[in-house]
Amino acid sequence: MKKGISLVIAALMAVSLVACGGGSAAKSTTAAASEQTEKQTEKAGETEAKKEETKGEAKTIGVSLLNSTHVFYNSIQTAMEEQAKEYGWTLDVQDAAGDANKQLGQVQDFITKKVDAIVIAPTNSAGSKSMIELAEKAGIPVFTMDIASDGKPVTHVATDNKKGGQLAAEYVVNNILTEKKGNAAVITYSEIESCVDRETGFTDYLKENAPDIKVVDVQNYSGDQQKAADVMQNMLLKNDNIDVVFCVGDPAAIGALSSITAANAATKIIGYDGNPEGVAEIKKGGNWVADVAQDPAGIGKTTLEAIKKHLEGEKVDSEILIAPYIIDAKNAK
């Protein structure tokens with residue numbers, strides 16, 4: 001009997017030991033979880049504190065646009081001004097007028113003024129990183145829009161330009177050269193990376209999906225409308241037949257149209273921008289049949305939204321792409 005009682009007591013002690021061991025592990029796990037939760041709460045608190053700290057503060061944002069005479073950049077500026085008003089911010093908008101040196105001077109001026117952030121639509125992709133590096137040394141974050149830089153801004157906001165080129169090529173295949181045979185040409189803008197993306201999106205799509213549509217000529221217009229007219233004239237003289245020309249910007253399409261009209265050619269035009277003058281030509285039902293439209297207001301608004309998030313301590317994507325779409329006679333307004 002005594003032996004039996006001893007066994008029971010021993011068993012109870014063993015259970016008690018196991019229970020204590022489990023309780024100790026549970027206590028350890030609970031403590032760790034509690035510590036992790038405290039850290040997360042502390043981190044979230046810091047982010048919220050930073051938000052509260054910056055909320056209501058009057059920020060000044062320096063903006064250097066590629067060219068303020070372009071209706072596309074006018075639309076971006078208008079959207080940014082509306083968004084800045086909502087935030088209670090001040091915009092210092094400057095026109096670089098396509099001059100890289102002038103744009104560099106504007107960025108240096110923004111740094112001297114100690115603005116809270118800088119936005120650049122680079123006049124040239126290559127070499128623009130020097131402006132970003134200057135601002136970063138001064139502790140000012142830089143954001144780029146529309147045209148990519150060879151530097152590393154906090155965020156780049158732009159149209160998905162490669163997709164835009166693909167949309168233009170799809171339109172050629174589905175609406176112009178439906179038998180997937182014929183000749184195409186491209187008027188590009190080699191100095192600007194986003195425009196090169198449009199060009200390669202177009203040519204790569206045709207190469208992969210309609211190899212019998214030959215891209216017989218690709219020439220650079222360097223953003224000059226008159227040069228685009230000269231380029232188109234040269235293309236028509238060099239090639240017996242060009243069924244369609246893809247222009248990486250509406251100014252190029254306007255120049256091309258003047259030469260096509262003068263030559264009484266049947267060449268169809270697909271532009272890129274979605275500017276009012278392009279839409280007006282499409283509605284006429286002539287050579288200019290379609291345009292890849294961007295959302296400049298969306299680019300302007302999204303850029304300021306990204307700046308606000310960054311200044312408030314939130315993480316933002318390094319690239320934000322906005323989808324383009326096709327305008328033709330069916331939806332031109």
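**Exercise 1. Work out whether Lys180 is buried, partly exposed or exposed, and what its phi looks like in this predicted model.**

Solution. 
- Start with the surface: the relative accessible area of Lys180 is 38%. Buried would need under 20% and exposed over 50%, so Lys180 is partly exposed.
- Next, find its place: Lys180 sits in the loop between α5 and β6 (182-188).
- Now check the backbone. Phi is positive at Lys180, about 60°, although the residue is not a glycine.
- Why flag that? Most residues other than glycine have a negative phi.

**Exercise 2. Describe how α5 packs against α6, and say which residues make the contact.**

Solution. 
- For α5 (residues 161-176) and α6 (residues 193-209), the angle is about 40° and the axes are 7 Å apart.
- Angles under 35 degrees would count as roughly parallel, and 65 to 115 as roughly perpendicular, so α5 and α6 are oblique to each other.
- The handedness of the α5 and α6 crossing is right-handed.
- On the α5 side, the contact includes Gly165, Gln166, Ala168, Ala169 and Val172; on the α6 side, Gly201, Phe202 and Tyr205 are among the partners.
- Sort the contact of α5 with α6 by class and you get seven nonpolar, six polar and four charged residues.

**Exercise 3. Follow Phe202 from that contact into the nonpolar core.**

Solution. 
- Leaving out residues up to four places away in sequence, Phe202 touches Gly165, Gln166, Ala168, Ala169, Val172, Ala184, Val186 and Phe246.
- The largest nonpolar core has 73 residues, and Phe202 is among those with the most contacts inside it, along with Met145, Ile187, Met232, Ile270 and Ile307.
- Apart from that core lies another, of eleven residues, including Val107, Phe110, Ile118 and Val142.

**Exercise 4. Place Gly62 in the fold and list what it touches.**

Solution. 
- Gly62 belongs to strand β1 (residues 60-65).
- With a relative accessible area of 0%, Gly62 is buried.
- Beyond residues up to four places away in sequence, its contacts are Asp92, Phe110, Val115, Ala117, Ile118 and Val119.

**Exercise 5. Characterise the packing of α2 with α10, then look at Gly298.**

Solution. 
- Helix α2 (residues 71-87) meets helix α10 (residues 296-311) at an angle of about 40°, with 7 Å between the axes.
- That makes α2 and α10 oblique to each other, and their crossing is right-handed.
- Residues in the contact include Phe72, Ile76 and Met80 of α2, and Ile299, Gly300 and Leu304 of α10.
- By class, the contact of α2 with α10 has ten nonpolar, three polar and three charged residues.
- Gly298 lies in α10 and, at a relative accessible area of 14%, is buried.
- From Gly298 to Ala323 there are 25 residues along the chain, and 10.0 Å between the C-alpha atoms.

Notes:
Residues numbered from 1 in each chain as written. Predicted model: local features only at pLDDT ≥ 70, side-chain atom pairs only at ≥ 80, totals over all residues. Heavy atoms only, no water. Helix = DSSP H or I, 4+ residues; strand = E, 2+ residues; numbered from the N terminus. Buried < 20%, exposed > 50% of the residue type's maximum accessible area, 1.4 Å probe, protein only. Contact = heavy atoms within 4.5 Å. Axes fitted to C-alpha atoms, helices over the stretch in contact; angles between N-to-C directions. Parallel < 35°, antiparallel > 145°, perpendicular 65-115°, else oblique. Left-handed = near helix turned anticlockwise from the far one by under 90°. Nonpolar A, V, L, I, M, F, W, Y, C, P; charged D, E, K, R; others polar. Core = buried A, V, L, I, M, F, W, Y, C linked by side-chain atoms within 4.5 Å.
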